[in-house]
Amino acid sequence: MGPSGKELKDMVVSQVGESLREISGLPEYNGICKKVYGDLIRRVKLLSPLFEELRDGDEELELDVLKGLELLKIALDSAVELLRSVSRGSKLFQASELEKLVLEFHHMTEDIEAALSKLPINKLGISDEVREQTELVHAQFRRAKERVGSADAELGKDLVILEEEKDPDPAILKRVSEKLHLRSITDLKKESLAIHELVISIDGGDPGDVFGKLSSILKKLKDYVQSENPEVETSQDEKSTTIKHRSPVIPDDFRCPISLELMRDPVIVSTGQTYERSCIQKWLDAGHKTCPKTQQALQHTALTPNYVLKSLISLWCENNGVELPRKQGNCRSKKPGSSISDCDRATIDALLLKLVNGSPEQKRSAAGELRLLAKRNSDNRICIAEAGAIPFLVELLSSNDTRTQEHAVTALLNLSINDSNKRTIVDLRAIPAIVEVLKNGSMEARENAAATLFSLSVIDENKVAIGAAGAIPALISLLCEGTPRGKKDAATAIFNLSIYQGNKARALRAGIVTPLMGFLKDTGGGMVDEALAILAILATHHEGKVAIGQAEPMAVLLEFIKTGSPRNRENAAAVLWSLCSTDFEQLKLAREHGAEEALKEVSENGTDRAKRKAGSILELFQRFDGPSSPL
């Protein structure tokens with residue numbers, strides 16, 4: 001006896017869920033395909049709520065639904081394979097085969113979009129919120145499918161030069177090193193291992209030819225990196241020998257101009273001179289406003305860590321047997337292979353002290369540096385949170401200093417990329433403070449506050465809290481007044497928040513329909529996609545149907561149904577369906593505006609969702625064409 005429908009559903013949902021978890025757990029990637037790699041993971045992760053709800057449901061699924069889920073499972077399994085091979089692969093090989101790799105990612109996007117198209121969402125028995133989010137993800141894949149990324153032509157030329165020329169231009173070596181994130185000997189060792197793995201795995205062609213080309217480029221990059229940042233590898237015996245040499249000559253550039261001692265924590269002042277942090281801090285604390293070495297007036301007293309010099313000093317100490325005590329960070333759970341450096345850990349601790357006890361100027365500087373560190377990588381985001389910086393950044397949201405406030409809200413935005421940090425930020429009751437920045441901050445602060453609220457709203461319960469804190473009227477203000485980027489940030493946040501039914505009502509009562517209709521009439525303003533998407537979700541609410549109907553949208557909607565992009569035709573048809581399904585006057589207006597011909601065309605050539613909406617409206621026309629119909 002075969003498995004029951006419920007058992008089949010549980011098995012397929014479990015398998016797809018496993019693929020989703022594997023994709024969500026893949027490491028951050030810094031190679032040439034960083035954007036497409038990250039975009040694919042981000043979009044796939046947004047499908048998680050769908051499968052959590054399916055997993056928890058008790059209903060059996062129909063055969064066509066199971067087939068759709070099976071297609072999605074196959075596509076996601078292929079995505080796991082592609083993403084894993086990219087994250088572990090040779091960056092040089094990926095760069096040399098960039099056009100093919102970009103095409104692979106595009107085909108993967110097409111496969112997932114095709115699988116989602118075959119999934120009858122209306123038969124899944126899921127909540128409206130999850131259905132709408134799934135439709136949004138599908139729309140993202142559909143839009144991404146229409147764009148094919150282009151290869152980096154300059155990088156391709158640079159690789160050819162590096163392969164063919166014996167002594168290539170250092171500027172080219174630097175450019176390739178930066179683009180591929182092959183900046184240290186450690187990076188290059190990992191790349192060497194990846195090349196060896198690649199050669200072993202090649203089935204056809206000449207592996208020796210591939211190895212020869214990539215190894216030649218790798219050697220030139222290694223020579224360049226060593227010349228820029230000398231890193232001498234010594235054996236244990238050699239280290240023992242150097243330790244016996246008790247008094248190596250300290251290079252002048254490694255000595256603090258004040259103490260003349262070896263610097264352990266070098267920092268740069270506004271004149272560009274570098275000092276040991278503790279020495280220059282004592283100088284400043286004594287009331288001096290000049291640079292000790294040049295006697296120039298200091299434009300400000302902020303101290304910027306000199307990471308490059310600190311790295312060089314550490315290497316020199318290691319190679320000369322000199323002990324250099326390092327501050328230990330607060331991160332106790334560093335994972336093997338973590339990309340965060342000891343330098344960053346010590347810096348985060350120092351910045352936290354400034355946030356807690358520093359002057360207003362020091363707090364501003366510290367918030368700015370944490371903003372940049374949080375943007376750099378996921379390990380920094382974890383370490384900054386574990387160091388306890390988030391509560392102090394939340395406090396700075398209420399700062400009267402514009403720049404401090406901008407740094408604080410942007411640092412929280414970057415930290416919120418980590419899901420655990422999202423919860424910490426919300427638990428600290430930061431949402432009202434972020435909303436206050438959204439209302440009264442500078443334009444940059446308002447834009448980043450909107451982006452932060454969007455990031456936090458990914459967790460469903462936060463949608464309720466953000467709406468209750470008064471965010472939606474402030475987002476609508478930004479939607480009307482902001483820069484192009486600000487308008488996009490506001491629209492994205494409003495759309496996501498409106499998945500929750502209560503926020504739809506808040507947006508409608510705050511008068512959102514008027515600016516949205518304005519965007520539809522200003523087709524050159526770049527906000528048509530967002531406006532139609534928001535209207536489509538608001539039109540599912542009773543008050544939304546009324547408000548949109550009062551805005552006399554019929555002519556504009558039908559114009560998009562006739563001539564818009566596939567996505568815009570779909571959303572326009574969805575709005576029209578919501579209006580006509582419950583309001584005979586709107587149905588009559590649609591017919592008077594010649595909707596039937598346009599809807600027939602969409603029902604044949606539109607997206608699956610657009611076909612359904614157009615077909616449903618055409619059925620309404622037929623229903624009211626009977627003898628008793630007033631039409």
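Buried residues make up 46% of the 631 residues in this protein chain, where buried means under 20% relative accessible area, exposed means over 50%, and partly exposed lies in between (1.4 Å probe, protein chains only). What you are looking at is a predicted model, so local features need a pLDDT of at least 70 and side-chain atom pairs count only at pLDDT 80 or more, while totals for chains, interfaces and linings use all residues. Residues are numbered from 1 along each chain as its sequence is written, and side-chain values use heavy atoms, with hydrogens and water left out.

Let's start with the overall layout. The chain holds 34 helices and three strands; these are DSSP runs numbered from the N terminus, with helices being H or I runs of at least four residues and strands being E runs of at least two. If you take the contacts (heavy atoms within 4.5 Å) between residues at least 6 apart in sequence, 70% of them join residues at least 24 apart.

Now for the inside. A nonpolar core here is a set of buried Ala, Val, Leu, Ile, Met, Phe, Trp, Tyr and Cys residues joined through side-chain atoms within 4.5 Å. The largest one has 96 residues, and Leu-475, Leu-479, Ile-512, Leu-516, Leu-520, Leu-576 and Leu-599 touch the most other members. Helix H28, residues 528–538, gives the most to this core, with nine residues. There is also a second, separate core of 43 residues, with Tyr-29, Leu-61, Leu-116 and Leu-124 included.

Skipping its neighbours within four places in sequence, Leu-576 is in contact with Met-554, Leu-557, Leu-558, Ile-561, Ala-590, Leu-599 and Ile-617.

Leu-576 also takes part in a helix pairing, as one of the H31 residues that meet H34. Two packed helices are described by the angle between their axes and the distance between the axes. For H31 (residues 566–580) and H34 (residues 608–623), the axes come within 9 Å and cross at roughly 30 degrees. Those axes are lines fitted to C-alpha atoms, for helices over the stretch in contact, and the angles run from 0 to 180 degrees between N-to-C directions. H31 and H34 are therefore roughly parallel to each other, given that angles under 35 degrees count as roughly parallel, over 145 as roughly antiparallel, 65 to 115 as roughly perpendicular and the rest as oblique. Their crossing is left-handed, a word used if the near helix is turned anticlockwise from the far one by less than a right angle, with right-handed used if clockwise. On the H31 side you'll find Glu-570, Asn-571, Ala-573, Ala-574, Leu-576, Trp-577 and Cys-580, and they meet Arg-609, Ala-610, Lys-613, Ser-616, Ile-617 and Leu-620 in H34. Sorted by class, the contact of H31 with H34 has eight nonpolar, two polar and three charged residues. In that sorting, Ala, Val, Leu, Ile, Met, Phe, Trp, Tyr, Cys and Pro count as nonpolar, Asp, Glu, Lys and Arg as charged, and the others, Gly among them, as polar.

Back to H28, which has a packing partner in H25 (residues 484–497): the two pack at an angle of about 20 degrees, with their axes 10 Å apart. H25 and H28 are therefore roughly parallel to each other, and H25 passes H28 in a left-handed crossing. Lys-488, Ala-491, Ile-494 and Phe-495 of H25 make the contact with Glu-530, Ala-533, Ile-534 and Ile-537 of H28. That contact has six nonpolar, no polar and two charged residues.

The C-alpha atoms of Gly-486 and Arg-446 are separated by 7.8 Å, although the two residues are 40 apart along the chain. Leaving aside neighbours within four places in sequence, Gly-486 is in contact with Glu-447 and Leu-478.

Finally, have a look at two loops. His-181 sits between helix H9 (170–179) and helix H10 (185–201) and has a positive phi of about 55 degrees although it is not a glycine. At 22% relative accessibility, His-181 counts as partly exposed. Arg-429, in the loop between helix H20 (419–427) and helix H21 (431–440), is also a residue other than glycine with a positive phi, near 60 degrees. Arg-429 counts as exposed, at 71% relative accessibility.
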